[in-house]
Amino acid sequence: MTRRALAGMTALIATTLLSATMAAQTPASTSGQTSGSAAPAQPSQPQPGTAPKRNVQFARRIPVTYDNRWEVYGGLNFMNGQAGQNLPKRYNMGGVEGQATYWLTDRIGPAVDLRVDYGTTPVFPNTFQINRPVVRQIIGMGGVQYRGWKNQRFAIQYHGLVGVGAGKFDGGTLGGINAPSHNAAANAVAVGLYSNRVKPVGAFGGSLDINGSYRWAIRLQPDLIVEHYGTEYREFVSISGGVVWRFGHRQ
């Protein structure tokens with residue numbers, strides 16, 4: 001009886017251990033089989049009638065390389081001056097300016113400049129009722145422009161320009177009552193103005209360019225103006241502002 005009981009208990013224990021062992025091994029085996037037999041993921045195919053998705057990328061901004069061959073500038077100009085040798089007060093003029101530069105390198109290039117300015121000027125006290133007549137200057141110059149410090153946003157240029165200015169100083173002098181002459185030039189001299197003349201003029205200064213893109217920039221340009229309308233060279237100031245356009249490619 002005892003032997004049979006021990007044999008039964010031994011068989012029961014062995015059966016229990018065998019069942020537990022098989023239960024522990026079955027998930028691992030199944031997992032291994034699943035892992036080993038799993039097929040690689042296939043990329044999803046677009047459904048018929050639908051367009052494939054694409055990543056939209058914005059084009060990068062073209063860097064400002066200053067490798068352009070040509071550069072043109074146009075803007076509004078302000079200038080002061082003196083319309084007569086002995087007049088105690090200066091006049092102010094406003095107008096337009098255009099400039100073109102042919103860049104030999106990214107640093108230096110020849111330039112031409114044209115300015116047209118109008119304004120009114122004080123004169124000597126007179127009984128002709130000639131007061132603040134209109135004066136005009138047309139200035140054409142040529143010279144050299146040099147580009148100094150520069151980066152993607154800003155550039156500084158320096159220039160020296162020389163040429164001639166055609167001054168018309170007798171505008172409005174025929175409108176005075178009891179004018180001394182029917183000749184405008186004589187009337188201008190009578191109230192202290194220069195006669196109309198063409199004389200040497202120079203502009204020496206620089207400019208600041210604020211880049212808007214590879215092609216264009218906003219420019220601020222101050223100048224020292226040297227002119228010889230009278231018996232000596234005199235210095236005045238000028239400032240202009242406008243837009244620069246760059247084009248052409250320098251090899």
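## Surroundings of phenylalanine 247

Apart from its neighbours within four places in sequence, phenylalanine 247 is in contact (heavy atoms within 4.5 Å) with Asn68, Arg69, Trp70, Val72 and Arg215. This is a predicted model, in which local features need pLDDT of at least 70, side-chain atom pairs count only at pLDDT 80 or more, and totals for chains, interfaces and linings use all residues. Residues are numbered from 1 along each chain as its sequence is written, and side-chain values use heavy atoms, with hydrogens and water left out.

Phenylalanine 247 belongs to strand S8 (residues 234-247); strands (E, at least two residues) and helices (H or I, at least four) are DSSP runs numbered from the N terminus. Its relative accessibility is 33%, so phenylalanine 247 counts as partly exposed, a class between buried (under 20% relative accessible area) and exposed (over 50%), with a 1.4 Å probe and protein chains only.

## Aromatic pairs

The structure holds five aromatic pairs. Rings of Phe, Tyr and Trp (its six-membered ring) pair if their centres lie within 6.5 Å; planes under 30 degrees apart count as stacked, over 60 as edge-to-face and the rest as tilted. Tryptophan 70 and phenylalanine 247 form a stacked pair, 6.5 Å centre to centre with 10° between the planes. Because tryptophan 70 lies in strand S1 (residues 70-81) and phenylalanine 247 in strand S8, this pair ties together parts 177 residues apart in sequence. Tryptophan 70 is partly exposed, with a relative accessible area of 37%.

The ring centres of tyrosine 194 and tyrosine 229 are 6.2 Å apart and their planes stand at 35°, so this pair is tilted. Both tyrosine 194 and tyrosine 229 are buried.
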